Amino acid sequence: RPSPPSRPPDPGRAAPDPGPASPGLGDGPRSTSSAPPGSRAPAASPGATTDPGPAPGTAPGGPPAGAPGAAPPGVVPENGSAGRKGQGGAGRKGPGGDVPEQLTPELLLPSRRKAPAPGWRRLVYQASGGLLRVPLSSAELHRQDLVSRARAPVVGGHHRVAVMSLKGGVGKTTTTVGLGSTLASLRGDRVIAVDANPDRGTLSDKVQLETAATIRDLVNERGQIRRYADVRTFTSQAPSRLEILASDRDPTVSVAFSESDYRNVCAVLEHYYSICITDCGTGLMHSAMAGVLQLADQMVLVSTPSVDGARSASATLDWLEAHGYGDLVQAAVVVLCAVRPRAKGAVDLQRLQEYFASRCRAVTRIPYDPHLEEGAEVELELLNRSTSEAYLELAALVGDGLARPRNRALHI
């Protein structure tokens, strides 16, 4: 007899239990149930699916443990974890809004990832085909931060730094060249150091001269300057890219460098240089110093770690505050030069540093260096490592002030 037509299943009712299958006749293993005999299984909602949950040892949403492409336990792939549906992850701001972390150029363009700096980390990176990247140490991260601060953009387009001291022979000119050379070697814009000493300055002794022209020649011929190449004929450039504008070296010159001369020089240089570092004279009452203090955006005060040097530096701060330059004092950076290893009877450097830190923005130390003691041309490659790091620290402190130009309208 032909079998009766089968009735379509009712979606609202659960399928009947076919009962135990005969051994050897089923397509798979026999399922077991903890329900009592004769009970019915709960009805499932139409279209509902049962989530078996993640496999043991598998993160939610990720491939099973041991599957191809799964990362070992505790290891994060270099390209990060992929986002799940509905979870774009934290993004970064772009011109069109938030950019998901999974769509950054660093992840989508692996060939454009920056290789580590030359050294053993780069060797490991290259030997592994770019798969292993050894993280930087805390000291290297600190150095990167200092370099980034020294490369801070100049707000306003031009920034003037006055390097001064009331006492001679404390390393003022050497600090000018060390600071300027460090900034020029790290930055992409132009940095110039100007010798504003009314007498014969020694700034020109710190670099190899390329021209016999002086600051007096620039003042006399400033009306003929139309471009950077015209200014370059008056300056000498060090290997660090720092340019030097020397003072008069002719002993027969009887005209002193005045405030108006300094203002005229600054009016020319501000169109071609981003940072101008002025090596001031040792006095505070000469004419040029008035122009230097009025036009400066920040000040670097140089002293030695000695009793008389500290007293001279303190007297300089007192004089500046008494004559209306308290803003320069508060934003100043004090440099203690030629600091030698502590010996018996030496000055308490920590107490000295705390005193100046209570009056100024920052205090830093430049250690003793045999290359600087020679008094000849300053070359960064010949400095001790500790000295180079100290000048980088000073450059970072000065870089912090590049974003805060001084309101000079109050002093002009």
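**View 1. Arginine 340 lies over the face of tyrosine 368.** The distance to the ring centre is 4.0 Å. A charge counts as sitting over a ring if NZ of Lys or CZ of Arg is within 6 Å of the ring centre and within 35 degrees of the ring normal. This is a predicted model, where local features need pLDDT of at least 70, side-chain atom pairs count only at pLDDT 80 or more, and totals for chains, interfaces and linings use all residues. Residues are numbered from 1 along each chain as its sequence is written, and side-chain values use heavy atoms, leaving out hydrogens and water.

View 2. (Rings of Phe, Tyr and Trp, using its six-membered ring, pair if their centres lie within 6.5 Å; planes under 30 degrees apart are stacked, over 60 edge-to-face, the rest tilted.) Tyrosine 273 is buried at 2% relative accessible area, while tyrosine 228 is partly exposed at 22%. (Buried means under 20% relative accessible area, exposed over 50%, partly exposed in between, with a 1.4 Å probe and protein chains only.)

**View 3. Tyrosine 355 and phenylalanine 356 make another edge-to-face pair.** Their ring centres are 5.1 Å apart, with the planes at 70 degrees. Tyrosine 355 is partly exposed at 36%, but phenylalanine 356 is buried at 0%. Not counting residues up to four places away in sequence, phenylalanine 356 touches Ala310, Ala313, Ser314, Leu317, Val334 and Val363 (contact means heavy atoms within 4.5 Å).
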